[in-house]
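Dear colleague,

Please find below the structure that I am handing over to you. My notes on two of its residues follow directly after it.

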Amino acid sequence: MRKQILSLLTLVVPVTLTITSCSTPTTDQYEATALTSYTWQVKYAYNLTTEKSPRLETFATTSLLNRNGVKPSGAVIGPDDKGLWWPTLPPRPSVDEVEQRQKPQQEASQPELLKAVEYKLTYRVGEQQRTLPTNYQVYRQVVKAYPSRTPLQLTLGVGDNSVQKAEPAGNE
């Protein structure tokens, strides 16, 4: 029995956990953007009610870049309840356009208008400027801090590949 346990222990491969800490740079040079977009989408399938993965086709798209909460030129809708401005609606696909992408025996759903927002934060520390994906909460914090250029302490995500949090510097 003791030999079996010993041989089992020698088979176990040591596992090392590496916990990466998140960087927390402080900056007073930053810009938050929110790219708002509308896209028409149609689902195609041989049976729309039972098929789990219908083919998705996108049609016309419009987008508008929001910067630091300021109304962008070309904004026609907004601000919404999140303070975002939206572009004009793209033209709805015609029946002919929908049918043109339809394969024989397939059904097509009604065109669906999708709304999407992509948040990014550009900041500079020293000579290094970075643009990283972020979230709504960071965008709103920057919108509030931007007019007075309040220095912000940023909390970057794993691998420093995103901005998870922004708060006024010195608020520990």
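The side chain of Thr27 comes within 3.0 Å of the backbone nitrogen of Gln29. This is a polar contact, meaning a pair of N or O atoms within 3.5 Å; within protein, one must be able to donate a hydrogen and the other to accept it, and residues adjacent in sequence count only if both atoms are side-chain atoms. A polar atom of the Thr27 side chain also lies 2.5 Å from the backbone oxygen of Arg124.

Please note that this is a predicted model, in which local features need pLDDT of at least 70 and side-chain atom pairs count only at pLDDT 80 or more, while totals for chains, interfaces and linings use all residues. Residues are numbered from 1 along each chain as its sequence is written, and side-chain values use heavy atoms, with hydrogens and water left out.

Thr27 belongs to strand S1 (residues 26-27); strands are DSSP runs (E) of at least two residues and helices are runs (H or I) of at least four, numbered from the N terminus. Thr27 has a relative accessible area of 3% and is therefore buried (under 20%; exposed is over 50% and partly exposed in between, with a 1.4 Å probe and protein chains only). Beyond four places in sequence, its contacts (heavy atoms within 4.5 Å) include Tyr123, Val125 and Leu154.

Arg149 is found in the loop between helix H3 (136-145) and strand S7 (152-156). Because its relative accessibility is 41%, Arg149 counts as partly exposed. Its side chain reaches the backbone oxygen of Tyr146 at 2.7 Å. Setting aside neighbours within four places in sequence, Arg149 contacts Asp28 and Tyr30. Arg149 and Asp28 are 121 residues apart along the chain, yet their C-alpha atoms are separated by 6.0 Å.

With kind regards
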